Amino acid sequence: MTAPLHQARPAGPGRALPDNTQQGMRRRNLARVMHTVSAEGPLSRAAIASRIGLTRAAVSTLVDELIRTGLLQELGPERPGRVGRPGSALAVSGHGPAGVGAEIGVDHLAVCVVDLRGRVRARAVRHGTNRNRAPEPVLKDLTALIRQVVAEAERQDLWAAGLSVAVPGLVSWDGRTVVRAPNLGWHDTDLGALLPDGLPLTVDNEANFGGLAELWLGEDTPRDFLHVSAEIGIGAAVVVDGCLLRGTRGFAGELGHVPVAPEGPACPCGGRGCLEQYAGEEAVLRAAGLEPGEDRIGLLAARAAAGDERVRRALRDAGTALGVALTGAVHLLDPGRVVLGGALAGLAPWLLPSLEAELASRSAGRACPVSVSRLGPEGPLLGAAHAVVRGVLDDPATVAELA
Ligand SMILES: [Zn+2]
């Protein structure tokens, strides 16, 4: 099987790359117009032509096609006072195709719809544990939630161009099979068979979608960074030169199973002394003397903020363990930044000092900077929906055919 090297699995349409035929060229040019307007719009036809180096006539043909299929919209004449004949400003359409993102968490299900302008237009969350529930009822609940949110989006003149699902587990290269999700108790589960028909589907690890969200939506995110996130497990997304590094089997970024103490406690992965045994949610709760229940992160944050010394010590120790594991990763990859995302973002005030101290004490020269994601726990869900949107911008021709 041939697999893309290290980019997001394209969600839904646009899996095959455009070839070098005239048709392939047209598809690539449609994508260039969409990306240019998306990044810099509203723009006139002339401005698009000068930015992508095509003639005004060629751009007009492409733009007309994108307007006809509802991907671009005309905003009316540009404001007067500019030199030359006034052109009509073009913007990415605020209706038409949209991305559906879904998240299967250990304690919740969430769905959102993001339009081509990147705005969240509909969303819903269902709380309740999914731990050790069979996949069928969980996916039945998720399907109901997806239908509800898609119906809400359709009332706003949007239609679902694809569905991306973030899961807390390892996903096969086929982009639909969960190989292992220990905190759900699932293995070798084909989600494609259990989710709504007719929507192009991509399933990926939540840490990967969290990292992609940071790449696409974060502030001044460098092209090389490590995004570390946690729900119950600890995962990382490794972004190299603006692309997600996936590894041979698609399992890259399993930071939670990097050993921090060779003879430490046994881990369900088969190893010993893994980071998760020191900085995973359950390990921290145990060290803090708290019972695992709902909203564990909220509980830890509230206790730490209230000055509970045992909780603060548990978080300090978790930060130290994270610093040890990240030292290895930082030396190996030389990222521009480490970003703490997901649930870790909410605990950053108590994790960061010991994490940074550990990194600094083990690094010669300047230690890799560590920042906190402003997306927080929303990252994976937003990353999933935006993956579909990016798929549309990357290959508008295939989406236009679906419209
Ligand atoms: Zn492990």
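The model described here is predicted. Its average pLDDT is 89, but residues 1-14 stay under 50.

**Confidence**
- Across the protein, 92% of the residues have a pLDDT of at least 70.
- For residues 1-14, where pLDDT stays under 50, the model has 44 contacts beyond four places in sequence.

**Helices H2 and H3**
- The crossing of H2 and H3 is right-handed.
- On the H2 side, the contact is made by Arg-45, Ala-46, Ile-48 and Ala-49.
- On the H3 side, Arg-56, Val-59, Ser-60 and Val-63 take part.
- Sorted by class, the residues in the contact of H2 with H3 are five nonpolar, one polar and two charged.

**The five-stranded sheet**
- Five strands make up an open sheet with mixed pairing, and their order is E13-E12-E11-E14-E15.
- Strand E13 (243-244) and strand E15 (370-372) are the edge strands, and each of them pairs on one side only.
- Strand E11, made of residues 225-230, pairs with strand E14, made of residues 337-340.
- The pairing of E11 and E14 is in the parallel sense and runs over four bridges.
- His-227 has Val-339 in E14 as its bridge partner.

**A helix across the sheet**

**Backbone details in loops**
- Gly-41 and Pro-42 are joined by a cis peptide bond, with omega at about -5 degrees.
- Pro-42 sits in the loop between helix H1 (22-40) and H2.
- Asp-157 has a phi near 70 degrees, which is a positive value in a residue other than glycine.
- The loop that holds Asp-157 lies between helix H4 (135-154) and strand E6 (158-167).

Conventions:
Residues are numbered from 1 along each chain as its sequence is written. This is a predicted model: local features need pLDDT of at least 70, side-chain atom pairs count only at pLDDT 80 or more; totals for chains, interfaces and linings use all residues. Two strands pair if DSSP finds at least two bridges between them. Helices (H or I, at least four residues) and strands (E, at least two) are DSSP runs, numbered from the N terminus. pLDDT is the predictor's confidence in each residue, from 0 to 100. Two residues are in contact if their C-beta atoms, placed from the backbone, lie within 7 Å. A crossing is left-handed if the near helix is turned anticlockwise from the far one by less than a right angle, and right-handed if clockwise. Ala, Val, Leu, Ile, Met, Phe, Trp, Tyr, Cys and Pro count as nonpolar, Asp, Glu, Lys and Arg as charged, and the others, Gly among them, as polar.
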